[in-house]
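Reader: I am new to this structure. Please take me through the terms used for it, one by one.

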Amino acid sequence: MSGPYAADRLVALVDAILQRSGSSAEEAAIVAANLVDSDATGHASHGVCQIAVYTKSLELGHLQPNRHARVVRDEAPFLVVDGEVGYGQVIAREATDLAIARAKAGGACVLALRNAHHIGRVGSYGEQCIAAGAIGVFFVNVVSRPLAAPHGGGRPRLGTNPICIAVPATPGHPPFLLDFATSAVAANKCRVAAASGKEVADGLLIDERGAPTRDPGVMFRDPTGAILPFGGHKGYGLALACEILAGALAGGLPALPENLRPGRVVNNALAFLIDPARVAESGGDVENGNWQALTDAVLDHIQDTPPVPGGDGVLVPGGPERRSRALAAERGIALDPDTVRALHGIGGALGLDVPAFLVA
């Protein structure tokens with residue numbers, strides 16, 4: 001790993017790269033902040049490393065700068081938005097804002113987001129919902145090089161297909177933010193391990209013959225290996241649900257062979273946004289059925305669980321990201337060597353003094 005780098009310096013560099021690559025100042029600011037925050041929250045697979053992917057997508061015409069969320073259908077509670085393969089961080093942010101407004105007005109919104117370039121860390125849109133006091137549930141598919149094998153299968157057929165569930169803070173606890181890929185490991189973690197000459201843990205990968213392997217390099221050879229779904233048939237079932245709900249239903253673009261293009265990355269999503277005040281009582285206490293008091297009671301009970309010997313206790317989803325952000329603010333953000341080389345190469349080719357950006 002290289003660095004650590006101050007977050008604001010990384011944002012400034014990525015912002016400059018994006019602007020010189022054709023993005024407006026507004027778009028560059030949104031995308032740069034999103035990528036760096038993904039690194040800060042501990043999700044490097046959706047962070048600054050993606051600049052190399054975006055640069056290639058721009059060259060191939062698979063990513064169009066300065067696009068905005070285009071409303072295709074707006075019939076409460078349904079909202080359908082097309083991203084016109086614009087930067088997903090902009091498209092998904094705008095689509096989520098539109099859906100929040102409709103959920104606040106009518107109690108709920110079913111958002112279908114289609115044809116957006118890579119939207120990055122889905123948890124960031126869950127955080128948008130949280131900030132607005134709404135509950136958000138997101139199913140996302142990935143139309144790109146298949147990475148994950150279905151349970152019982154020996155070849156990759158699915159993307160890492162993430163799911164996110166976001167619940168606003170309660171009086172006794174910070175927000176609940178569950179955000180996970182349905183694959184057992186992120187592809188970028190395999191890339192970092194391969195570049196470092198390290199093996200991965202057992203039970204994560206299979207090689208091109210379908211045999212178990214700890215060699216992350218199998219994901220970057222032709223023919224490739226595959227990442228296994230987390231939790232066996234359960235994670236596979238969730239990944240397949242994302243493909244049906246987000247890909248086939250919401251986006252009309254499942255990850256079938258005829259939809260795959262070299263260097264193409266498209267996300268589609270089906271999201272459910274709910275105003276909790278329309279569902280449950282907002283006043284009173286546990287005995288009166290107040291959802292916030294009941295949620296606090298549940299979380300108190302769970303976190304009161306005695307830890308396993310030598311363990312750190314029970315975490316609630318969202319906690320690791322908050323802790324990672326705090327550490328990044330204190331210590332800076334480390335990047336893997338491949339990402340640092342990519343920043344120097346891409347930024348230098350655009351005429352930027354990359355070392356000057358990265359010096360605190």
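Reader: What makes Glu 84 partly exposed?
Author: Glu 84 has a relative accessible area of 28%. Buried means under 20%, exposed over 50%, and partly exposed in between, with a 1.4 Å probe and protein chains only. So Glu 84, at 28%, is called partly exposed. This is a predicted model, where local features need pLDDT of at least 70, side-chain atom pairs count only at pLDDT 80 or more, and totals for chains, interfaces and linings use all residues. Residues are numbered from 1 along each chain as its sequence is written, and side-chain values use heavy atoms, leaving out hydrogens and water.

Reader: Where does Glu 84 lie, and what is its phi?
Author: Glu 84 lies in the loop between β3 and α4 (88-106). Helices (H or I, at least four residues) and strands (E, at least two) are DSSP runs, numbered from the N terminus. Phi of Glu 84 is positive, about 50°, although the residue is not a glycine. Most residues other than glycine have a negative phi.

Reader: Why is Asn 161 called buried?
Author: Asn 161 has 0% relative accessibility, so it counts as buried. Asn 161 sits in the loop between β5 (135-143) and β6. Its phi is also positive, near 30°, and Asn 161 is not a glycine.

Reader: Which residues does Gln 64 contact, leaving aside its neighbours within four places in sequence?
Author: Gln 64 is in contact with Glu 84, Val 85, Gly 86 and Tyr 87, with those neighbours left aside. Contact means heavy atoms within 4.5 Å. Gln 64 is in the loop between α3 and β2. Its relative accessible area is 24%, so Gln 64 is partly exposed.

Reader: What does the side chain of Gln 64 reach?
Author: It reaches the backbone oxygen of Gly 61 at 3.0 Å. A polar contact is a pair of N or O atoms within 3.5 Å; within protein, one must be able to donate a hydrogen and the other to accept it, and residues adjacent in sequence count only if both atoms are side-chain atoms.

Reader: How do you know whether Leu 63 is buried or exposed?
Author: The relative accessibility of Leu 63 is 1%, so Leu 63 counts as buried. Leu 63 is found in the loop between α3 (50-60) and β2. Not counting residues up to four places away in sequence, Leu 63 touches Tyr 54, Ser 57, Leu 58, Val 85, Gly 86, Tyr 87 and His 117.

Reader: Why is α1 called oblique to α2?
Author: Helix α1 (residues 7-20) and helix α2 (residues 25-40) pack at about 135°, with axes 8 Å apart. That angle makes α1 oblique to α2. Angles under 35 degrees count as roughly parallel, over 145 as roughly antiparallel, 65 to 115 as roughly perpendicular and the rest as oblique. Axes are lines fitted to C-alpha atoms, for helices over the stretch in contact, and angles run from 0 to 180 degrees between N-to-C directions.

Reader: Which peptide bonds are cis?
Author: Among them is the bond joining Ala 76 and Pro 77, with omega about 5°. Another cis bond joins Asp 222 and Pro 223, with omega about 0°. Most peptide bonds are trans.
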